[in-house]
Amino acid sequence: VVVIGRSNIVGTPISILLSRNNDSGNATVTLCHSRTKNIKELCKEADIIIAAIGKPYFVTEDMVKEGAVIIDVGINRVKDDSKKSGFTLAGDVDFQRVSSRAAYISPVPGGVGLMTIAALLMNTYKACVGSSTSSD
């Protein structure tokens with residue numbers, strides 16, 4: 001697995017979780033960032049790429065091996081004068097070009113963001129239920 005982005009919110013935690021010796025991890029993980037010198041070569045060897053670098057279209061077709069799984073965590077506003085808002089949402093992966101090489105790829109918007117919202121709502125609910133007492 002190659003994780004692109006070393007933030008405290010996504011990149012670093014997901015690299016630790018995936019490298020743990022358990023059923024949902026046990027992967028060999030390489031954590032990269034925007035200044036990793038051989039990032040293209042590292043990505044080209046990865047079975048799974050998780051992009052969380054905060055740069056639109058950073059992962060390009062020439063960085064992805066055939067059949068890889070791509071998880072795009074990035075959400076970026078890109079100027080788009082054709083939109084009423086003046087921008088469009090784009091991921092860290094060039095979805096249009098990379099999707100032809102990938103076995104699976106998460107879209108932006110509509111991919112990981114929806115799972116993030118669901119997880120936040122679930123955790124909020126659990127925190128609320130867990131903190132209530134019989135006198136409430």
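The model is predicted: local features need pLDDT of at least 70, side-chain atom pairs count only at pLDDT 80 or more, and totals for chains, interfaces and linings use all residues. Residues are numbered from 1 along each chain as its sequence is written, and side-chain values use heavy atoms, with hydrogens and water left out. Helices (H or I, at least four residues) and strands (E, at least two residues) are DSSP runs, numbered from the N terminus.

**Sheet**

- Strands of a sheet pair through backbone hydrogen bonds, either parallel or antiparallel.
- Here five strands form an open sheet in the order 2-1-3-4-7, and the pairing is parallel; two strands count as paired if DSSP finds at least two bridges between them.
- Strand 2 (30-32) and strand 7 (104-105) are the edge strands, and each pairs on one side only.
- Strand 1 (residues 2-4) runs parallel to strand 2 and is joined to strand 2 by three bridges.
- Within this pair, Val3 has Leu31 of strand 2 as its bridge partner.

**Largest pocket**

- Rolling a probe the size of a water molecule over the atoms shows where empty space is left.
- A pocket is found on a 1 Å grid over the protein atoms alone, as an open set of points where a 1.4 Å probe fits, with protein on both sides within 12 Å along at least five of seven lines.
- The largest pocket holds about 420 Å³ of space; grid points are joined across faces, edges and corners, and the volume is the space filled by probe spheres set on the points.
- Its lining has 18 residues, and Val10, Val73, Val112, Gly113 and Thr116 lie nearest the centre; a lining residue has an atom within 4 Å of a point.
- Helix 4 (residues 112-131) gives the largest share of this lining, with seven residues.
- By class, twelve lining residues are nonpolar, five are polar and one is charged.
- In this scheme Ala, Val, Leu, Ile, Met, Phe, Trp, Tyr, Cys and Pro are nonpolar, Asp, Glu, Lys and Arg are charged, and the others, Gly among them, are polar.

**Backbone details**

- Most residues other than glycine have a negative phi, and most peptide bonds are trans.
- The peptide bond from Val108 to Pro109 is cis, with omega near -5°.
- Pro109 sits in the loop between strand 7 and helix 4.
- Asn26 is not a glycine, yet its phi is positive, about 60°.
- Asn26 belongs to the loop between helix 1 (11-19) and strand 2, and is exposed at a relative accessible area of 53%.
- Buried means under 20% relative accessible area, exposed over 50%, and partly exposed in between, using a 1.4 Å probe and protein chains only.
- Tyr57 also has a positive phi, near 60°, and lies in the loop between strand 3 (48-51) and strand 4 (69-72).
- Tyr57 is partly exposed, with a relative accessible area of 39%.

**Cysteines**

- A disulfide is a pair of cysteine sulfur atoms within 2.5 Å, and the count by this rule is zero.
- Cys32 is in no disulfide, and its nearest cysteine sulfur, in Cys43, is 5.8 Å away.
- Cys32 is buried at 1% relative accessible area, and Cys43 is buried at 0%.

**Helix 4**

- Leu120 lies in helix 4 and counts as exposed, at 52% relative accessibility.
- Leu120 and Ala51 are 69 residues apart along the chain, and 20 Å separates their C-alpha atoms.
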